[in-house]
Amino acid sequence: MFNRRPEWRADNQPRRVTITLDGMAVEAFEGDSVAAALLSANPVFTRRSPVSGAPRAPYCMMGICFECLVEIDGVPNRQACMIPVRDGMAVKRQVPPPAVNAPAESAHES
Amino acid sequence: MKADVMVIGAGPAGLSAATEAARHGLKVMLLDEQASPGGQIYRALARNTPPPAGAPDILGEDYWRGRPLLDAIDQAAVEYVPGATVWTAETDPLTVGYLKDERSFLRAARSLIIATGAYERPVPVPGWTLPGVMSAGAAQILMKAGGAALNGRIVLAGSGPLLQLVTCQLLKSGAEIAGLLETTTTKDYLAAARHLPRALRARDLLRKGLEMRRTIKASGIRVHKGVTNLQCHGKETVDGISFESRGKPDRIEADLVLLHEGVVPHVQMSRLLDLSHEWFEPQRYWRPVVDEWGETSAKGVFIAGDGAGIDGARAAEASGRLAALQAAAQLGALPNAERDEQAGAAFAQKAKEQRIRPLLDHLYRPPAHIVCPEDPSTIVCRCEEVCVRDIHACMETGCDGPNQLKAYSRCGMGPCQGRMCGLTVSELMAKQRGVTPDEVGYYRIRTPIKPIPLSALAAMEADEEVVAS
Ligand SMILES: Cc1cc2nc3c(=O)[nH]c(=O)nc-3n(C[C@H](O)[C@@H](O)[C@H](O)COP(=O)(O)OP(=O)(O)OC[C@H]3O[C@@H](n4cnc5c(N)ncnc54)[C@H](O)[C@@H]3O)c2cc1C
Ligand code: FES
């Protein structure tokens with residue numbers, strides 16, 4: 001979804017850290033939120049809605065919408081946009097099976 | 001130890017409040033959820049270096065202007081705790097509970113200054129839950145905190161000064177903007193016009209706004225005005241946005257859609273404390289009722305900054321100082337005469353910043369089709385996936401208030417606690433019942449206002465004052 005601006009890296013010299021998303025290595029920088037690190041890796045979605053199973057991704061990046069919930073180091077429902085990355089952090093997407101009474105149609109498919 | 005003044009939020013309001021209170025010899029504690037100070041406008045400022053002279057300045061000069069606030073808090077005798085999420089508060093006795101590094105703490109205080117700011121008004125349009133659809137502020141957060149250059153075709157939609165600012169920042173960063181869809185109508189311009197004389201007395205703010213418009217115009221990006229019927233499309237991720245511009249249907253392909261309809265006070269804390277709120281019609285939001293110092297309906301509890309109504313960062317700074325001065329006077333650290341003398345400059349700064357607001361409030365009035373979505377399939381509550389049609393159906397079977405709706409449909413019962421659906425629910429119910437949102441009311445907010453692990457609750461650490469009380 002985004003690259004780092006070269007001049008931002010040159011001016012600030014942020015330290016590299018590596019986290020994993022569902023076991024795959026994701027390169028990030030110290031000071032990134034987990035949500036920013038995930039978005040930089042183009043994950044398409046970061047969780048599925050527990051109600052319908054629809055794909056979701058961070059919406060507000062500031063702790064309001066709770067769309068960024070992920071499992072971090074075995075703890076579920078962590079707010080990824082509010083938690084800074086740490087080297088070696090293991091992040092998992094929460095993909096619950098769709099609920100039985102989930103709406104069959106999706107109104108917004110093009 | 002009990003704090004004299006507890007400040008929640010380290011944006012411009014909280015930083016200036018804490019600094020000012022400490023200047024009067026008070027014991028001050030400042031809590032903020034973020035890892036570094038600055039709030040929304042100055043997010044990650046402490047970690048960023050301004051570009052060298054001559055290099056493009058993507059974030060703009062207003063961003064770097066927050067530096068003195070950070071320097072002041074560094075030097076002040078303030079116990080600043082970053083990464084501290086306040087999850088509960090009580091007025092009697094005044095107590096605040098926060099979570100830091102998985103541990104929970106309870107602290108007592110003699111006065112409380114809530115400076116938790118604002119957040120972007122949710123923009124419920126069909127397809128807004130698709131990955132690749134975000135708020136404009138979210139994109140700006142990536143630029144401020146992550147040095148992001150956003151990829152792909154970007155469409156921005158909505159209205160407000162922040163939408164203009166983010167568009168300009170994206171342009172400067174070289175992003176590919178496929179369209180700017182403005183929901184502002186000719187009628188809004190006319191309604192705003194009568195507030196122009198007052199705004200002219202805030203010349204530099206007006207100049208900045210006009211400059212942004214010029215930048216956008218000169219960039220040659222596609223701009224549509226009077227946009228309605230916004231709809232985001234895609235299967236697993238967004239691939240386009242359709243709309244009507246002055247009645248004509250249109251569609252733009254996009255990889256990233258950024259929605260924005262202004263910012264609204266973050267009332268979670270003031271609602272939890274059951275403080276008085278009032279409906280602010282021009283911008284269609286609730287704000288806590290405060291006096292000239294920011295004191296609320298609860299004695300010794302203040303709200304400073306955009307959390308009390310949207311006046312912008314410089315007014316937030318002034319209001320933080322005012323709250324701290326009054327708190328200091330009430331706690332006996334400052335005679336009233338000195339308080340008044342020292343408050344003069346802050347009152348003047350706040351008044352100056354407020355001169356442009358009536359113009360902005362009317363020009364960027366959130367449109368009716370956004371605050372009260374008409375398409376029955378529009379998701380209102382993202383957490384529990386409750387649509388417009390579900391809410392209407394509940395009302396037909398006798399549900400007539402937001403709190404009742406929770407029981408009927410689980411609307412507002414998800415992890416965001418109604419932050420994303422609360423305003424829309426009140427608006428929808430008001431329209432259906434033919435009354436004002438104020439009459440319908442808002443969700444009752446209960447503790448915890450942020451999730452707290454059970455293990456942290458069990459091992460809560462409290463100061464003696466809290467334990468004794
Ligand atoms: C996403 C976003 C971006 C913005 N960008 C700009 C901009 O670039 N330029 C501009 O002029 N205006 C901007 N604004 C407008 C903004 O409201 C400013 O006017 C200004 O930041 C308001 O200052 P404040 O001190 O009132 O609150 P804020 O700056 O919002 O600070 C509030 C602080 O409270 C903290 N907080 C909230 N809840 C809790 C809790 N439960 N526990 C602990 N801490 C908590 C937050 O982490 C935050 O740091 C932006 C607003 C938003 C929502
Ligand atoms: S992205 Fe909205 S809460 Fe994290």
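**View 1. Chain A from end to end.** Helices and strands here are DSSP runs, a helix having at least four residues and a strand at least two, numbered from the N terminus. Read that way, this predicted model gives chain A the order β-α-β-β-α-β-β-β-β-β from its N terminus on. That comes to 2 helices and 8 strands. Of the 110 residues in chain A, 51% are buried. Look at chain A's contacts with a separation of 6 or more, and you'll find that 45% of them link residues 24 or more positions apart. The chain exposes about 4,900 Å², with carbon and sulfur atoms supplying 53% of that.

**View 2. Where chain A and chain B meet.** Here 43 residues of chain A are in contact with 57 residues of chain B. Together the two chains bury about 4,300 Å², and 54% of this is on carbon and sulfur atoms. On the chain B side, the residues that lose the most area to chain A are Glu236(B), Arg382(B) and Glu385(B), which together make up 13% of what that side buries.

**View 3. The surroundings of ligand 1.** Which chains line this site? Residues from both A and B surround ligand 1, so the site is shared between chains. There are 31 residues around the ligand, and the closest are Asp32(B), Gln40(B), Val86(B), Gln140(B) and Asp306(B). Sorted by class, the shell has 15 nonpolar, 12 polar and 4 charged residues. Several elements of chain B each supply at least two residues of the shell, including helix H1 (12-23), strand S4 (85-91) and helix H10 (313-330).

**View 4. Polar atoms beside ligand 1.** Start with Pro12(B): one of its backbone N or O atoms lies 3.2 Å from an oxygen atom of ligand 1. Next comes Glu33(B), with a polar backbone atom 3.1 Å from a nitrogen atom of the ligand. Gln34(B) uses its side chain instead, placing a polar atom 3.1 Å from an oxygen atom of ligand 1. On its own the ligand has 990 Å² of accessible area, and the protein covers 92% of it.

**View 5. A closer look at Gln34(B).** This residue sits in the loop between strand S2 (28-31) and helix H2 (61-64) of chain B. Is Gln34(B) buried or exposed? Its relative accessible area is 10%, so Gln34(B) counts as buried, the cut-off being under 20%. Beyond its neighbours within four places in sequence, Gln34(B) is in contact with several residues, among them Arg43(B), Tyr80(B) and Pro82(B).

**View 6. Helix H4 of chain B.** H4(B) gives the largest share of the shell around ligand 1, namely 3 residues. The helix is mostly covered, with 11 of its 11 residues buried. Among those buried residues are Gln140(B), Met143(B) and Lys144(B).

View 7. Most residues other than glycine have a negative phi, and most peptide bonds are trans. Now see Asp92(B) and Pro93(B), joined by a cis peptide bond with omega about 0 degrees. Pro93(B) is in the loop between S4 and strand S5 (94-100) of chain B. Thr447(B) and Pro448(B) are also joined by a cis peptide bond. Over in chain A, Asn42(A) isn't a glycine, yet its phi is positive, about 50 degrees. Asn42(A) is in the loop between helix H2 (34-40) and strand S4 (47-48) of chain A. Gln417(B), another residue other than glycine, has a positive phi near 60 degrees. It is buried, with a relative accessible area of 18%.

Terms used:
Residues numbered from 1 in each chain as written. Chains lettered and ligands numbered in written order. Predicted model: local features only at pLDDT ≥ 70, side-chain atom pairs only at ≥ 80, totals over all residues. Heavy atoms only, no water. Buried < 20%, exposed > 50% of the residue type's maximum accessible area, 1.4 Å probe, protein only. Contact = heavy atoms within 4.5 Å. Areas by Shrake-Rupley, 256 points an atom, 1.4 Å probe, with all protein chains shown as cover. Near = heavy atom within 4 Å. Polar contact = N/O pair within 3.5 Å; in protein donor to acceptor, adjacent residues only side chain to side chain. Nonpolar A, V, L, I, M, F, W, Y, C, P; charged D, E, K, R; others polar. Buried area = accessible area lost by both parts, 1.4 Å probe.
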